[in-house]
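Me: I'd like to learn how to read a structure like this one. Can you take me through it a feature at a time?

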Amino acid sequence: MNKSQGLVSFKDVSVNFTQAEGQWLDSAQKILYRDVMLENYSNLVSVGCLISKTDVTSQLEQGEEPWIIEVEFSSQSLPDNIR
């Protein structure tokens, strides 16, 4: 058995949705998502991980939807060698 020792971050145990993906979740799924994300945060803190609250965690505690906003880029804003 290969044991890998390393630090675990909240990012390692979190799931992020875009705004479009979040719209596909029904209310029960949104509640489950909130509960699991807050529990993951609480579990990491309880085992001694020194992590600060993320924007997502704060938004979930306040009942807000923490969906990631997708940014659309125009090809006009890209350098010529990337278009």
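Me: Let's start with the whole chain. What percentage of the 83 residues in the chain is buried?

Reply: Keep in mind that this is a predicted model. Buried residues come to 17% of the 83 in the chain. As for the surface, the chain exposes about 6900 Å², and carbon and sulfur atoms supply 52% of that area.

Me: How many helices and strands does the chain have?

Reply: There are three helices and zero strands, so you read the pattern along the sequence as α-α-α.

Me: Now the inside. Which residues make up the largest nonpolar core?

Reply: The general idea is that in soluble globular proteins, nonpolar side chains tend to be buried together. Here the largest nonpolar core has seven residues: Phe-10, Tyr-33, Met-37, Tyr-41, Leu-44, Val-56 and Leu-60. Two elements give two or more residues to this core, namely helix 2 (27-46) and helix 3 (55-61). Helix 2 gives the most, with four residues.

Me: I see aromatic names in that list. How many aromatic pairs does a search of the whole structure find?

Reply: Two aromatic pairs turn up. One of them is formed by Phe-10 and Tyr-41.

Me: How do I describe a pair like that, and what is the geometry of Phe-10 and Tyr-41?

Reply: You describe a pair of aromatic rings by the distance of the centres and the angle of the planes. For Phe-10 and Tyr-41, that's 6.0 Å centre to centre and 80 degrees between the planes, which is edge-to-face. This pair links distant parts of the chain: Phe-10 sits in the segment before helix 1 (19-22), while Tyr-41 is in helix 2, 31 residues apart.

Me: Are Phe-10 and Tyr-41 buried or exposed?

Reply: Buried means under 20% relative accessible area. Phe-10 has 8%, so Phe-10 is buried. Tyr-41 is at 12%, so Tyr-41 counts as buried too.

Me: What does the side chain of Ser-46 reach?

Reply: The Ser-46 side chain reaches the backbone oxygen of Asn-43, at 2.8 Å.

Note on methods: Residues are numbered from 1 along each chain as its sequence is written. This is a predicted model: local features need pLDDT of at least 70, side-chain atom pairs count only at pLDDT 80 or more; totals for chains, interfaces and linings use all residues. Side-chain values use heavy atoms; hydrogens and water are left out. A nonpolar core is a set of buried Ala, Val, Leu, Ile, Met, Phe, Trp, Tyr and Cys residues joined through side-chain atoms within 4.5 Å. Buried means under 20% relative accessible area, exposed over 50%, partly exposed in between (1.4 Å probe, protein chains only). Accessible areas come from the Shrake-Rupley method with a 1.4 Å probe; for residues, only the protein chains shown count as cover. Rings of Phe, Tyr and Trp (its six-membered ring) pair if their centres lie within 6.5 Å; planes under 30 degrees apart count as stacked, over 60 as edge-to-face and the rest as tilted. A polar contact is a pair of N or O atoms within 3.5 Å; within protein, one must be able to donate a hydrogen and the other to accept it, and residues adjacent in sequence count only if both atoms are side-chain atoms.
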